[in-house]
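Subject: Structure for you

Hi,

Here is the structure to look over. My notes follow below it.

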Amino acid sequence: MTAMIEKVARAIFASDWPKDDWDRFGEKDHVRERYRAMSRAAIEAMREPNDRMLAATEEVVVGYDDFSTGDGTLFLSHPGFYDNAKFAWHTMIDAALEKRG
């Protein structure tokens, strides 16, 4: 289990039971295990970014030409940008789930 799975599990638990205490349950208690399973499912559901998420990355990613063309042009995107953004997103989600490629 990762820190992210635990963090999301605690957040879902707190949303369901705002006046209860996560820490009153043992580490292997069925309540914690159930919320961790919900957490994992929620994180896995987010693995595939939607078009709006990909478009949002273009608004914040700025880079510089690697000077291979010699002009040093500033760019906002490049061929394959969305594939690279998806790969980065998949890699982050997989790390949150402890999946190794």
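In which helix does Ser39 lie? Ser39 lies in α2, residues 30-45. Helices (H or I, at least four residues) and strands (E, at least two) are DSSP runs, numbered from the N terminus.

A word on the source. This is a predicted model: local features need pLDDT of at least 70, side-chain atom pairs count only at pLDDT 80 or more, and totals for chains, interfaces and linings use all residues. Residues are numbered from 1 along each chain as its sequence is written, and side-chain values use heavy atoms, without hydrogens or water.

Back to Ser39. Its relative accessibility is 0%, so Ser39 counts as buried. Buried means under 20% relative accessible area (1.4 Å probe, protein chains only). The Ser39 side chain reaches the backbone oxygen of Ile5 at 2.7 Å. Beyond neighbours within four places in sequence, Ser39 is in contact (heavy atoms within 4.5 Å) with Met4, Ile5, Val8, Ala9 and Ile12.

Next, the cores. A nonpolar core is a set of buried Ala, Val, Leu, Ile, Met, Phe, Trp, Tyr and Cys residues joined through side-chain atoms within 4.5 Å. The largest has six residues: Ala9, Phe13, Trp22, Phe25, Val31 and Tyr35. A second, separate core has five residues, including Ile43, Ile93, Ala96 and Leu97.

Overall, the protein chain has four helices and two strands. Their order along the sequence is α-α-α-β-β-α. Of its 101 residues, 24% count as buried.

Best wishes

Methods. Buried means under 20% relative accessible area, exposed over 50%, partly exposed in between (1.4 Å probe, protein chains only). A polar contact is a pair of N or O atoms within 3.5 Å; within protein, one must be able to donate a hydrogen and the other to accept it, and residues adjacent in sequence count only if both atoms are side-chain atoms.
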